[in-house]
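User: Hi! I am new to reading protein structures, and I would like to learn how to go through one step by step. Could you help me?

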Amino acid sequence: QVQLVESGGDSVQAGGSLRLSCARSGPRNRHYCMGWFRQTPENEREAIATIPTAGGTPYIADSVKGRFTISQDNTKNILYLQMTNLKPEDTSIYYCAAGAGGYCGVDYPPRLADFGAWGQGTQVTVSS
């Protein structure tokens, strides 16, 4: 069973940067689709970025394109979300998620139902 633990959330000023990390443990020698999501004011989970552990071009949501970058270190099983030029509207709880490895990345808009493992979330607060 995959377990995910996020870290790196903090309070920053607008224009600042943060890097979130997600440590993955569980079955190895499998390919996953790894993703970052955040909670919306309507209490829904918005997909921010996904990347296949097997490699490939990541998916990045239009709302964060050019500011956020998803990356991974497969030797350590850690997923990252580098966030720059943060805005107050980026304030949210950010979740790491893992799903099956197929249909993942730039050509596949994420579907919540495809992600079966979730972390506990990490709070990001951006003040103006």
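This is a predicted model: local features need pLDDT of at least 70, side-chain atom pairs count only at pLDDT 80 or more; totals for chains, interfaces and linings use all residues.

User: What box do the C-alpha atoms fill?

Analyst: Taken along the principal axes, that box is roughly 45 × 25 × 25 Å. Among contacts with a separation of 6 or more, 59% are between residues 24 or more positions apart.

User: How do I read the inside and the surface? What share of the residues is buried?

Analyst: A residue counts as buried when its relative accessible area is under 20%. Here, buried residues make up 45% of the 128 residues. The accessible surface of the chain comes to about 6,800 Å², and carbon and sulfur atoms account for 46% of that surface.

User: And how many positive and negative side chains are there?

Analyst: The protein chain has 11 positive and 11 negative side chains. The centres of the two sets lie 8 Å apart.

User: Now for the disulfides. What is a disulfide, and how many are found here?

Analyst: The general idea is that a disulfide is a covalent bond between the sulfur atoms of two cysteines. A search of the whole structure finds 2 of them. One is formed by cysteine 22 and cysteine 96, with their sulfur atoms 2.0 Å apart. This pair links distant parts of the chain: cysteine 22 is in strand E3 (residues 18-25) and cysteine 96 in strand E9 (residues 92-100), 74 residues apart.

User: Is that disulfide left-handed or right-handed, and why?

Analyst: Look at the torsion about the S-S bond of cysteine 22 and cysteine 96: it is about -70 degrees, so this disulfide is left-handed. Cysteine 22 is buried, with a relative accessible area of 1%, and cysteine 96 is buried too, at 0%.

User: Which cysteines form the other pair?

Analyst: Cysteine 33 and cysteine 104 do, with their sulfur atoms 2.1 Å apart. Cysteine 33 lies in strand E4 (residues 32-39) and cysteine 104 in the loop between E9 and strand E10 (115-118), so the pair ties together parts that are 71 residues apart in sequence. The torsion about their S-S bond is about 70 degrees, so that disulfide is right-handed. Both cysteine 33 and cysteine 104 are buried. With bonded cysteines counted along the chain, the disulfides follow the pattern 1-3, 2-4.

User: Can we try single residues? Is serine 21 buried or exposed?

Analyst: Serine 21, which lies in strand E3, has a relative accessible area of 16%, so it is buried. Leaving aside neighbours within four places in sequence, serine 21 is in contact with several residues, including Val5, Trp36 and Tyr80.

User: Where does arginine 38 lie, and what is it in contact with?

Analyst: Arginine 38 lies in strand E4. With a relative accessible area of 6%, arginine 38 is buried. Beyond neighbours within four places in sequence, the contacts of arginine 38 include Glu44, Glu46, Phe68, Glu89, Asp90 and Tyr94. The C-alpha atoms of arginine 38 and leucine 79 are separated by 15 Å, and these two residues are 41 residues apart along the chain.

Conventions: Residues are numbered from 1 along each chain as its sequence is written. Side-chain values use heavy atoms; hydrogens and water are left out. Buried means under 20% relative accessible area, exposed over 50%, partly exposed in between (1.4 Å probe, protein chains only). Contact means heavy atoms within 4.5 Å. Accessible areas come from the Shrake-Rupley method with a 1.4 Å probe; for residues, only the protein chains shown count as cover. Lys and Arg count as positive and Asp and Glu as negative; His and the chain ends are not counted. The place of a charge is taken as NZ of Lys, CZ of Arg, CG of Asp or CD of Glu. A disulfide is a pair of cysteine sulfur atoms within 2.5 Å. Helices (H or I, at least four residues) and strands (E, at least two) are DSSP runs, numbered from the N terminus.
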